[in-house]
Amino acid sequence: MGKFPTSLRSAVSSSQLKISSSLVPAESPSPMPKRKPTSSTRSRPSSKSPKTQNGDDSSKPPNSPSPFKSPDLSDAKKLFNSIVTTSRGAPLDLRFHNSLLQSYASISTVNDSISLLRHMIKTHPTFSPDRSTYHILLAQSCKGADSTLAPVHQALNLMVTNGVSPDKVTTDIAVRSLCAVGRIEDAVELVKELSLKHSVPDTYTYNFLARQLCKFRALSTVHNFIDEMRSSFSVKPDLVTYTILIDNVCNSKNLREATRLLGVLTEEGFKPDCFLYNTIMKGYCMVSKGSEAIEVYKKMKENGVEPDLVTYNTLIFGLSKSGRAKEARKYLKVMAEMGHFPDVVTYTSLMNGLCREGDALGAFALLEEMEARGCSPNSCTYNTLLYGFCKSRFLEKGIELYRSMKEDGMKLETASYAALVRTLCRHGKIAEAYEVFDFAVESKSLTDVAAFSTLEGALKGLKKAREQGRVV
């Protein structure tokens, strides 16, 4: 990422420049807490199959083109017969059969896949399906066109009939497959059914479903699910469950509920970790409540939870957003003393706060400190300062910064683009405004409609100002 031009640095530091205070509404991205892979993190990556994690990957097909070109069942049987015949006695193991079944299941109906499986068993008696084989049919049944659970029950009944009892992995595969096609209510119903008849879900499946409910359903639905799983099957929420709930209510700015859940979590015997505190702190920052964010910070210290880099970034972001950039700057020293050195998110958040307060020069001075510490600015940093220059009436410096961004191939963000175009029009620099518009469209910084709408609004504002005789 390129550095600011020397001419811009010297010009900005000139005492001849005057600062015009204005509130900067632009925001740098909120630092999102990320849970570290510690022992308290009881959630596995959704990208990994439960079977792979259990050491059983026999259902995973090899990376090869599907041998089946048609969903026609008779053609599929003929192809299987041909493969068995040409194998000349070579061992055809479970993985081979599962691979063929998986390939056919991707283009066929559940009934035809079951028929092919039965044909495979009859034609090749040495083949003995296991749980992974039936899981292929189960996943297919969940994603079929049938909007009921009848195909799912068909696959599960086939398992049981052949002496294979559904287990926790079975539940996980069914839940994830149903949720993948938006059938969350069916997933909840099936979990209850399997919990009653076979096996309760493990914490990974339970929390995955809780997260899906939080994302797509009302909070009351989530609580109903949790309460019923607790009362009917003794499945209790854990720290991850509460973190999911608290993150959800914080994102919806329901901080009163987040505080209540924190109390419930403590009553249940769980100790909030750093990730959870960061999540609550982020919630307060989203609504510009810097004082409350500080209280969360103090509470986590009191409870013996050591703040991490995300904690300080979130706190600095929140204070900067709530108009307390000077106070936020003090935490740069605090975090360094604790061994967490400011990064580009830290500095950009603080610059954004200074620009909000009309102190574009202070934000620019912070850039030198940032680079002196070996931290390189990114596109968000440039956009933040460009916005600050335009709103503080440092137009020429804003133009020079824009040119530097253009040379480095950076995209304009919506707020900085709007501020630059409006400022150019306000100063009668129409040709330059159109040039910025062209760059925004060509670089795909904004959509054509959004870019033109902003430019059109700026031109109308200029026309109105001239009609009213205001000085441009």
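Tyr-331 is buried, at a relative accessible area of 13% (buried means under 20% relative accessible area, exposed over 50% and partly exposed in between, with a 1.4 Å probe and protein chains only). The model is predicted, so local features need pLDDT of at least 70 and side-chain atom pairs count only at pLDDT 80 or more, while totals for chains, interfaces and linings use all residues. Residues are numbered from 1 along each chain as its sequence is written, and side-chain values use heavy atoms, with hydrogens and water left out.

**Aromatic pairs**

- Rings of Phe, Tyr and Trp (its six-membered ring) pair if their centres lie within 6.5 Å; planes under 30 degrees apart count as stacked, over 60 as edge-to-face and the rest as tilted.
- Nine aromatic pairs are counted by this rule.
- Tyr-297 and Tyr-331 form an edge-to-face pair, because their ring centres are 5.8 Å apart and their planes stand at 90°.
- This pair links distant parts of the chain, 34 residues apart: Tyr-297 belongs to helix H15 (residues 290-302) and Tyr-331 to helix H17 (residues 325-337). Helices (H or I, at least four residues) are DSSP runs, numbered from the N terminus.
- Tyr-297 is buried, with 8% relative accessibility.
- Tyr-297, Tyr-312 and Tyr-331 are joined into a cluster by ring pairs.

- Because Tyr-402 is in helix H21 (residues 395-407) and Phe-439 in helix H23 (residues 430-442), the pair ties together parts that are 37 residues apart in sequence.
- Tyr-402 is buried at 4% relative accessibility, and Phe-439 is buried at 9%.

**Charge and polar contacts**

- The charged end of Arg-176 sits over the ring of Phe-208, 4.3 Å from its centre (the criterion is NZ of Lys or CZ of Arg within 6 Å of the ring centre and within 35 degrees of the ring normal).
- Asp-238 is located in the loop between helix H11 (219-233) and helix H12 (239-251), and Asp-238 is buried at 9% relative accessibility.
- The side chain of Asp-238 makes a polar contact with the side chain of Asn-207 at 3.3 Å (a pair of N or O atoms within 3.5 Å; within protein, one must be able to donate a hydrogen and the other to accept it, and residues adjacent in sequence count only if both atoms are side-chain atoms).
- The backbone nitrogen of Val-240 is reached by the side chain of Asp-238 at 3.1 Å.

**Cysteines**

- Zero disulfides are found in a search of the whole structure (a disulfide is a pair of cysteine sulfur atoms within 2.5 Å).
- Cys-142 is in no disulfide, and the nearest cysteine sulfur, that of Cys-179, is 9.7 Å away.
- Cys-142 is buried at a relative accessible area of 0%, and Cys-355 is buried at 1% relative accessibility.

Conventions
Helix = DSSP H or I, 4+ residues; strand = E, 2+ residues; numbered from the N terminus.
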